[in-house]
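Please look over the sequence and the structure shown here before reading on. The briefing takes up annotated residues, a loop residue and a pair of helices in turn.

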Amino acid sequence: MKRIIANGQILDRGQLVKRDILIENGRVAKIAEDISTDGVDEVIDAKGNFVSAGLIDVHVHYRQPGQEQKETVKTGSLAAAHGGFTTVCAMPNVTPAPDSVNNMEALIKLNHTDGAVHIKQYAAITTNRGGDELVDFKALKDAGAFAFSNDGNGIQKSSTMYEAMQQAAKLDMAIVEHVQDDALTYGGVLNGGAAKRLGMKEMPWVSETAQVARDVILAEATGVHYHVCHASSKHTVNVIRAAKQAGINVTAEVSPHHLLLSDANIKEDNAMYKMNPPLRGEDDRQALIEGLLDGTIDMIATDHAPHTKADKDQSIATAAFGITGSETAFSMLYTRFVKTGRFTLAQLVNWLTKQPASVFKMRGAGSLAVGQPADIAIFDLKHEHEIKESDYLSKGKNSPFTGEAVYGDTVMTLVDGDIAYKRS
């Protein structure tokens with residue numbers, strides 16, 4: 001099968017230039033200003049739209065098995081394709097958790113058969129992602145684990161994290177963690193300003209930063225690659241920056257919602273603004289942006305967390321934590337940051353492609369180049385569109401960005417040269 005993506009604009013040394021792309025047998029065979037269509041099975045006219053390497057998301061929740069009413073591998077991966085993502089990394093908070101070889105192999109098989117995009121699977125760190133009984137790290141790596149995480153739960157006991165890091169380091173595998181000291185959350189649901197305004201319990205920033213501080217010391221002691229999930233606080237950014245300056249092997253991600261919103265955006269009791277970690281202050285949001293710009297934070301990851309309407313159709317005090325992100329990330333970030341001049345398009349694409357691929361040593365992902373898999377996203381940067389709930393392919397409709405007018409709509413997503421999503 002030969003396809004040509006014609007009349008597209010690609011990034012070349014930071015500038016958009018017109019290029020055609022020849023795809024043959026699922027790989028990029030040629031990139032040139034003009035490519036002959038002789039012998040080609042299909043020509044996709046990109047119509048001057050932006051053609052990018054497919055985006056990478058190292059943090060998604062697909063809920064299957066165990067909570068299929070919220071999301072399935074099929075619906076979650078279709079949502080990823082809708083957002084321009086061609087590689088995603090699925091967290092292990094499903095039931096049963098991928099904490100054994102049998103569970104891991106079953107989940108990888110499901111990801112492969114039902115996934116519309118490439119899905120890499122995290123293994124749990126401890127049995128059922130709770131307690132202190134460590135999994136068999138080597139067996140799970142051999143079974144295909146991408147990395148190790150208890151995401152959704154922080155590792156509470158220091159010795160458990162220390163021993164997990166020792167095991168992971170021996171195997172050259174990453175520990176990827178939801179950083180939360182439960183004893184310091186005090187049952188809170190919001191950052192201080194919003195909590196006071198709405199009369200709810202506060203989840204202080206120290207619950208995140210204290211565990212990051214512990215973990216970077218343990219990472220230094222073990223030499224493990226330690227990755228911080230969804231940093232939210234300026235204090236966490238400071239700890240990560242100091243750790244990197246000290247030569248500790250720590251990397252970090254930030255979610256779109258923590259870049260786009262602060263707790264000042266929570267004007268009323270609206271559970272669409274409830275996530276963990278919570279939205280912090282405007283000074284925290286600015287620190288996260290600066291952390292991206294100076295390299296303290298390595299990448300953007302959505303923390304796509306779908307829930308049912310019933311999960312969210314209640315008070316912030318009792319609703320489920322989390323919002324979706326796969327289908328809104330690129331357009332919201334492009335509109336709010338690239339269109340306004342805060343980021344360049346090259347920077348945004350780098351944080352969503354090359355950086356995650358480099359940090360996690362993903363071969364064949366994050367690059368639009370001859371010889372690489374034809375994992376490609378086409379975005380319309382010129383025309384404004386409204387984010388509509390009716391357009392979501394995820395089962396989860398829980399997004400505070402529904403109704404936003406944005407640029408950067410996904411026109412088409414190709415995975416291994418085949419069309420995974422096409423705008424109707």
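This is a predicted model: local features need pLDDT of at least 70, side-chain atom pairs count only at pLDDT 80 or more; totals for chains, interfaces and linings use all residues.

Residues are numbered from 1 along each chain as its sequence is written, and side-chain values use heavy atoms, with hydrogens and water left out.

**Annotated binding site**

- In an unreviewed entry, UniProt lists Asp151, His178 and His230 under "binding site"; the positions are given in the numbering used here, feature names are shortened, and such annotations may be inferred rather than shown by experiment.
- These residues span 80 residues in sequence, yet no two of their C-alpha atoms are more than 10.5 Å apart, so they gather at one spot.

- His178 is found in the loop between strand E9 (174–177) and helix H5 (192–198), where helices (H or I, at least four residues) and strands (E, at least two) are DSSP runs numbered from the N terminus.
- His178 counts as buried at 4% relative accessibility, given that buried means under 20% relative accessible area, exposed over 50% and partly exposed in between (1.4 Å probe, protein chains only).
- Leaving aside neighbours within four places in sequence, His178 is in contact (heavy atoms within 4.5 Å) with residues including Asp151, His230 and Asn276.
- His230 lies in the loop between strand E10 (225–228) and H7, and at 2% relative accessibility His230 is also classed as buried.
- Not counting residues up to four places away in sequence, His230 touches His59, Asp151, His178, Glu208, Glu253, Asn276, Pro277 and Asp303.

**Asp132**

- Asp132 sits in the loop between strand E8 (118–121) and helix H3 (137–142), and is partly exposed, with a relative accessible area of 42%.
- Beyond its neighbours within four places in sequence, Asp132 is in contact with Thr126, Lys157 and Thr160.

**Helices H7 and H9**

- The axes of H7 (residues 234–245) and H9 (residues 282–293) come within 8 Å and cross at roughly 30 degrees; axes are lines fitted to C-alpha atoms, for helices over the stretch in contact, and angles run from 0 to 180 degrees between N-to-C directions.
- H7 and H9 are therefore roughly parallel to each other, a label for angles under 35 degrees.
- Lys234, Val237 and Arg241 in H7 meet Asp283, Asp284, Ala287, Leu288 and Gly291 in H9.

Technical notes: Angles under 35 degrees count as roughly parallel, over 145 as roughly antiparallel, 65 to 115 as roughly perpendicular and the rest as oblique.
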